[in-house]
Amino acid sequence: MTARSAKAPSNPVLRRILTNSGVSIGGGVLILFVLMAMLAPLLAPHDPFAQDLTRRLLPPFWHDRSVSEHLLGTDHLGRDYLSRLIFGAQVSLGVGLGVIMVAGAIGVTLGLLAGYFGGRVDMFISFIIATRLSLPIVLVALAAVAVGGASLRTLIIVMGLLLWDQFAVVTRAATQSLRSQEFIVGLRAIGASTPRILFLEILPNMRSTILVVVTLEVANVILLEAALSFLGLGVRPPTPSWGLMIAEGRDNILFDPWLIALPGSLLCLLVLAVNLFGDGMRDITGPKRK
Amino acid sequence: MTLFILKRLLIAFFVCLAVSAISFALMFLSGDPAIAIAGSGGRAEDAAAIRVAYGFDRPILVQYADWVWSALHGDFGQSIYFNIPVSEIIGNRIGVTLTLGFVAFAVALIVAVPLGIAAAMRPNGLIDRLALILAVTGQAIPSFWLGLMAIVVFGAWYGWVPISGTEEWQGYILPVIVLSYYALPAMMRITRSGMIDVLASDYVRAAYAKGLPAHRVIWGHALRNAVLPLVSLAAVQLGLLLSGSIVIESVFALNGMGRLAWESLLRSDLPVVQAIILLLSLLYVALTTLADIVNAMLDPRLRGGSI
Amino acid sequence: MTEPLLDIRNLRVSIPTEAGLLNAVRGVDLRVTPGDTLCLVGESGCGKSLTATAIMGLLPRYAIQKHDGFAICGTDLSHNPNSALRKLRGTRMAMIFQDPTAALNPTLTIGRQLTEAVMLHERLSRSAADERAIDLLDRVGIARAASRLSLYPHEFSGGQRQRIMIAQALMCRPSLLIADEPTTALDVTIQAQILSLLKDLQDEMGLGLLLITHDLGVVAAVATDVAVMYAGRIIERTPRAELLRHPAHPYTRNLMKAIPNPGVTPRGEPLPSIPGTVPGLIGDMVGCAFRDRCAQALVPCGQDPLPSRTIGTGNRHSYECWLSDEEDGA
């Protein structure tokens, strides 16, 4: 008993510092990326679409044959790589945000319904979740984009239709535990309408839970977008997506590896920041670690 | 026990049905498949002939039933591009994907479980921190990029492994490492947290109180309970590895099912894509159902059929 | 006087926390002789479970343990407690936990859990170990034991599980049994059965029993001696009869008043409770830990060292308090 009530070090000092620094460092880096995306037109030294075939594949500044005008060199079409990298943040974050809105709307609604009504509704929605989980996501997304025609909007809708599962699972569990709490029971007793209870009472009570899912899923979306673009069925050229830039750099992989190293590093850094932030938020807000 | 398994199988059956309907529907999302086959420049008579030949003129439910019935017999139709049975093409390619997926899975498991246990033994210790770094980076690095960078560093710079496109075992080294690194973090984390929970439990203290040495407590008492959540996760991860092969196979130019799916998509060979989606989904359903059954065998509390 | 099964002097256990060192056990002496039942009584958080855990050598790694003398069953453990303790655990001493549901491994059969220790320690064959398990299960009142070895813990009731725990503890025929709140998780009717079972087994096997409880009813039923613990110290120790007749420390007297007494407390009247809360245990503590809640607190109560007073015959009843026995007139 006594041993239980005393705090074990698995929780306190070290861990809290670790998680807090996760939130602050992750959040800080994330803000830098957001600023980079929003201020891209101001920050980028060149037009990211302007080609100059006479100045193709110039190396970045740490090579001796570099050209100071293009700090990070140019790609196979002579476009300024730094500018394309900066604009790439817009694509990653934009797609991330768009997909999360679609996926969140679907997942949260399904989760609320399943958790609140239980019984057959729950069974049916759980079945939909199981079906969604069993689909190979990259392949289905590729196929859907291939047949649906590749545009940024299709890409966002397709990914949104595929990535709602975590929202549904988490919302369902949270709703189940809220449903039986006194204030909800009371509201039902005084005859509050079901949509009112669901969206005005239950939903606001799990803001922090959903926020955690949002951040962790944004990381997933960014990775999936990059993979789809890399496979040539995501963002279309000439839009500067980091995944697409890696694909474009692949032909010159052996001689100009920075073409893939740079966008990939940014991708890693962004996903790492989002994950650190999300993990930290989960540890701080959630009573239970998963 | 039997009831539990029957229930699981029933759910699995319905999921399979839904998944097959989705894969089937893909064929029709693009519009008229007959025109797709005839080519956009094809004559209307050709399209009409194809429609009859492929049976596209029949009611859609009949076509679906026919497709499912044939698929059950291993007949996924003809490839539009190669004009040979889809099953034959997939049969030639699936070996690479399964080898890659299972080997990567085994490697991930062999690393993740001991690492998770070691991390749980001393939370916040050195091993725990290293494992955390490994997990956090593993979740952030896109596997296709890691693969490319590995090719640059180990293939081109050091020349330790063939760069790509070989069916020899050396060609599998980098893909296996990259793919297992992708699966590792989740499995490591769940082993760690499961183990931490179990080590704090009374029955582990009771096992020590009986005078059992630490290794007997950990292997005999703790691990069995700590792996319960790992079983389900491992099934999910194996499914993800197999379907994630599409990216890795195209990075390393391995002639597997994933690369086949990608190529087929690019040349609009939808029957092949359909069949691969169906196969991967069914594999996933089979794996997760199997995991549930294994869990029920490991955990006697589940056997009563109360769940 | 026979050699004590447990002889521990000035045991101290501290736990590092964010706020500082939490001194949970602050100098405890315990002696248990064969055939005796020593009840360690106190509120939750007073350090009694931690004391038991320390004796078993099962403290978590981060806890800091010190003592001035530590002997179990005649083995001196002052110098190299860990390896020596491990040899004694399960063989010479055994432990019964508070919650039998949590203390039995849910995924192993009870047969496996009962026999694994004895097969290891005494190199018994499976059949011999099974035989002993069946004997003991029989003895603790699990009917048809032979056919139930292959069942899992969840297939038994709570009371049965505690019987199984007791059987498990006795498998290697220990001389010292430590029971940490063995009846707290059980229904009242089952509690009495388990207590009388423990008492019977003790008489039969000559066990020394260290029983940890917050329940004075349990003390009244089974104790030979009682040690009352408050904020990490034993503030009063006495034979059971003395405790019931003549509790000396103000805390003990309050504790005695706080239990419902069917004959004395009029129905419907609220039970008297002790005002105030247990002091925080972070850092050093000077003087009597109970003085803030004590109605009879005096000026010197904030000073160290507390006088240890002995009353009655045979020096068996002692307590730590500035109040002398005569002054308590109230």
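**Labels and the values behind them**

Reply: Start with chain C: the centres of domain 1 of chain C and domain 2 of chain C, taken over C-alpha atoms, lie 29 Å apart. Their contact takes 13 residues from domain 1 of chain C and twelve residues from domain 2 of chain C. Two residues are in contact if their C-beta atoms, placed from the backbone, lie within 7 Å. Helix α7 (residues 188-205) of chain C gives the most to the domain 1 side, with six residues. That side of domain 1 has ten nonpolar, three polar and no charged residues. Here Ala, Val, Leu, Ile, Met, Phe, Trp, Tyr, Cys and Pro count as nonpolar, Asp, Glu, Lys and Arg as charged, and the others, Gly among them, as polar.

Me: What kind of model is this, and how are residues and chains labelled?

Reply: This is a predicted model: local features need pLDDT of at least 70, side-chain atom pairs count only at pLDDT 80 or more, and totals for chains, interfaces and linings use all residues. Residues are numbered from 1 along each chain as its sequence is written, while chains are lettered from A and ligands numbered from 1 in the order in which they are written.

Me: Where do the bounds of the domains of chain C come from, and what are they?

Reply: Domain bounds come from an automatic or database domain assignment. For chain C, the assignment gives domain 1 (6-92 + 174-320) and domain 2 (102-173).

Me: Why is Val25(C) called buried?

Reply: A residue is buried if 20 or more other C-beta atoms lie within 10 Å of its own, exposed if 12 or fewer, and partly exposed in between, with C-beta atoms placed from the backbone. Val25(C) has 30 other C-beta atoms within 10 Å, so Val25(C) is buried. Val25(C) lies in strand β2 (residues 20-32) of chain C. Not counting residues up to four places away in sequence, Val25(C) touches several residues, including Leu11(C), Val13(C), Leu50(C) and Gly232(C).

Me: How do you know that the length of α11(B) agrees with its number of residues?

Reply: The expected span of a helix is 1.5 Å times one less than its number of residues. With 24 residues (228-251), α11 of chain B should span 34 Å, and its end C-alpha atoms are 34 Å apart, so the two agree.

Me: What makes α11(B) largely enclosed, and where is its kink centred?

Reply: In α11(B), 18 of the 24 residues are buried, so the helix is largely enclosed by the rest of the structure. The kink is about 40° and is centred on Ser245(B). The bend at a residue is the angle between axes fitted to the seven residues ending there and the seven starting there. Just after α11(B), Ala253(B) takes a positive phi of about 50°.

Me: What are the two domains of chain B, and which element gives the largest share of the domain 1 side?

Reply: The assignment for chain B gives domain 1 (2-72) and domain 2 (88-304). Their contact takes 16 residues from domain 1 of chain B and 15 residues from domain 2 of chain B. On the domain 1 side, the largest share, 13 residues, comes from α1(B).

Me: How many residues of chain B are in contact with chain A?

Reply: 40 residues of chain B are in contact with 39 residues of chain A. The largest share of the chain B side, eight residues, comes from α1(B). That side divides into 32 nonpolar, eight polar and no charged residues.

Me: Where is confidence lowest in chain A?

Reply: pLDDT is the predictor's confidence in each residue, from 0 to 100. Confidence in chain A is lowest in helix α1 (residues 2-5) of chain A, at a mean of 36. Over residues 1-14 of chain A the pLDDT is below 50. Where pLDDT is low, the predicted coordinates should not be read in detail.

Methods. Helices (H or I, at least four residues) and strands (E, at least two) are DSSP runs, numbered from the N terminus.
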